[in-house]
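Please look over the sequence and the structure before working through the solutions.

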Amino acid sequence: MNRSKLTKSLKLFGASGIITAALTIAAVPVMAAATSQLTTAQQQDLQNIINKGNQEITRRLDTLETLSSKISAATKITASDKSYLTTEVSTEATGLTSLKAQLDADTTLSAARTDAQSIFTEYRVYALVVPKVWLIKTADDQQLTESQLTNLAQKIQTKITADQTAGKAVTSLQTELNDMTTQIANALKISSSIETNVLPLQPSDYDNDHTILSGDAAQLNTAHGDNVAAYTDAKNIIASLKTL
Amino acid sequence: MSRNQAGNSVITALVGLLVLAGVAAAGYAVWAHQYKPTASNQTSASQTGTASKTSTPTTSTTTASTDVSALTNDLNGVGSSLAKENTDQSGTNSAINDQQNEIQVPTN
């Protein structure tokens with residue numbers, strides 16, 4: 001760039017800067033007067049949106065607080081996963097609190113509508129976060145049950161082997177124990193998979209695909225059924241062992 | 001007794017001693033083979049001891065019932081966890097149903 005072009009650019013930059021500054025200064029009183037420029041009906045609409053938005057934000061903050069307690073009470077979940085979920089819920093709560101302040105300060109209908117919409121388009125508390133935590137909590141508790149069932153199956157195996165060595169008829173019991181082991185494996189496969197897949201999901205993932213969680217609850221229900229079947233096997237085996 | 005006769009008697013006595021020693025050695029070898037404490041013999045002895053202990057009916061019954069009792073306790077623990085799963089399942093279903101509520105929030 002030669003000297004004359006540089007001088008021209010600086011002049012243009014200076015002119016545009018002055019125009020921008022002038023527009024900004026002019027806009028301040030316009031924004032301040034925005035609310036007063038609304039009709040009475042529009043002002044009422046604005047206040048209604050703000051009130052409704054605040055209600056929804058408060059409802060979500062209460063829900064998130066309850067969720068935090070549930071995450072803290074989770075027993076099987078790893079420390080890193082627990083920390084991840086706690087941070088996620090905390091971030092959502094902080095963001096919603098800031099959004100509430102922003103919504104309260106809105107002076108135009110369009111701004112209020114945008115902020116009110118973002119309560120659910122950006123945070124997805126009910127669409128994603130709440131079901132996500134519940135799904136992980138359920139999968140977490142199922143894995144605890146599966147761990148207990150695995151330990152029980154091992155003890156039952158020891159007992160059956162001892163009875164077999166003692167010459168007792170244990171063929172049917174062994175068959176039932178094998179089924180118990182299969183049921184536990186099936187349940188564990190589902191519950192661990194759900195936890196792994198659901199944990200990293202974010203509101204943006206839900207925005208891209210509203211069906212992102214569909215079927216997860218049904219799968220966990222299947223896993224629960226497998227655990228119940230394993231429990232029933234164990235119950236029958238133990239009842240039979242008493243009579244051997 | 002002539003000198004030759006005396007020599008023959010000594011030789012005969014020595015041969016006799018050797019035969020006795022041979023018989024004794026062979027006998028010891030047979031005994032050692034039968035009663036040497038090999039690993040299998042030791043297990044057998046241990047099993048005999050265990051059989052002796054468990055042969056008391058009272059002890060055997062107590063052990064078996066204790067085993068089954070412990071299994072029953074564990075089973076009860078699993079039952080409690082399954083009840084917790086039911087609560088979780090209910091909460092998850094409610095949360096899934098609440099998904100629709102968020103989409104329907106009015107802003108006008």
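**Exercise 1.** What is the mean pLDDT of chain B, and what percentage of its residues reach 70 or more?

*Solution.* This is a predicted model, and the mean pLDDT of chain B is 63, with 33% of its residues reaching 70 or more. Next, going element by element in chain B, the lowest mean pLDDT, 36, belongs to helix α2 (residues 39–54), while the highest, 82, belongs to helix α3 (residues 57–103). Over residues 30–60 of chain B, pLDDT stays under 50, and for this stretch the model has six contacts beyond four places in sequence. Where pLDDT is low, predicted coordinates should not be read in detail. For the complex, the predictor gives an ipTM of 0.73 and a pTM of 0.68.

**Exercise 2.** Determine how helices α3 and α5 of chain A are oriented to each other, and which residues make their contact.

*Solution.* Helix α3 (residues 40–73) of chain A packs against helix α5 (residues 109–121) of chain A at an angle of about 20°, their axes being 10 Å apart. Angles under 35 degrees count as roughly parallel, and α3(A) and α5(A) are therefore roughly parallel to each other; their crossing is left-handed. The residues in contact include L46(A), I49(A) and R60(A) of α3(A), and A112(A), A116(A) and F120(A) of α5(A). By class, this contact has eight nonpolar, two polar and four charged residues.

**Exercise 3.** Is R60(A) buried or exposed?

*Solution.* R60(A) lies in helix α3 of chain A. Because its relative accessible area is 0%, R60(A) is buried. The C-alpha atom of R60(A) is separated by 8.0 Å from that of A93(A), 33 residues apart along the chain.

Key
Residues numbered from 1 in each chain as written. Chains lettered and ligands numbered in written order. Predicted model: local features only at pLDDT ≥ 70, side-chain atom pairs only at ≥ 80, totals over all residues. Heavy atoms only, no water. Axes fitted to C-alpha atoms, helices over the stretch in contact; angles between N-to-C directions. Helix = DSSP H or I, 4+ residues; strand = E, 2+ residues; numbered from the N terminus. Parallel < 35°, antiparallel > 145°, perpendicular 65-115°, else oblique. Left-handed = near helix turned anticlockwise from the far one by under 90°. Contact = heavy atoms within 4.5 Å. Nonpolar A, V, L, I, M, F, W, Y, C, P; charged D, E, K, R; others polar. Buried < 20%, exposed > 50% of the residue type's maximum accessible area, 1.4 Å probe, protein only. pLDDT = per-residue confidence, 0-100.
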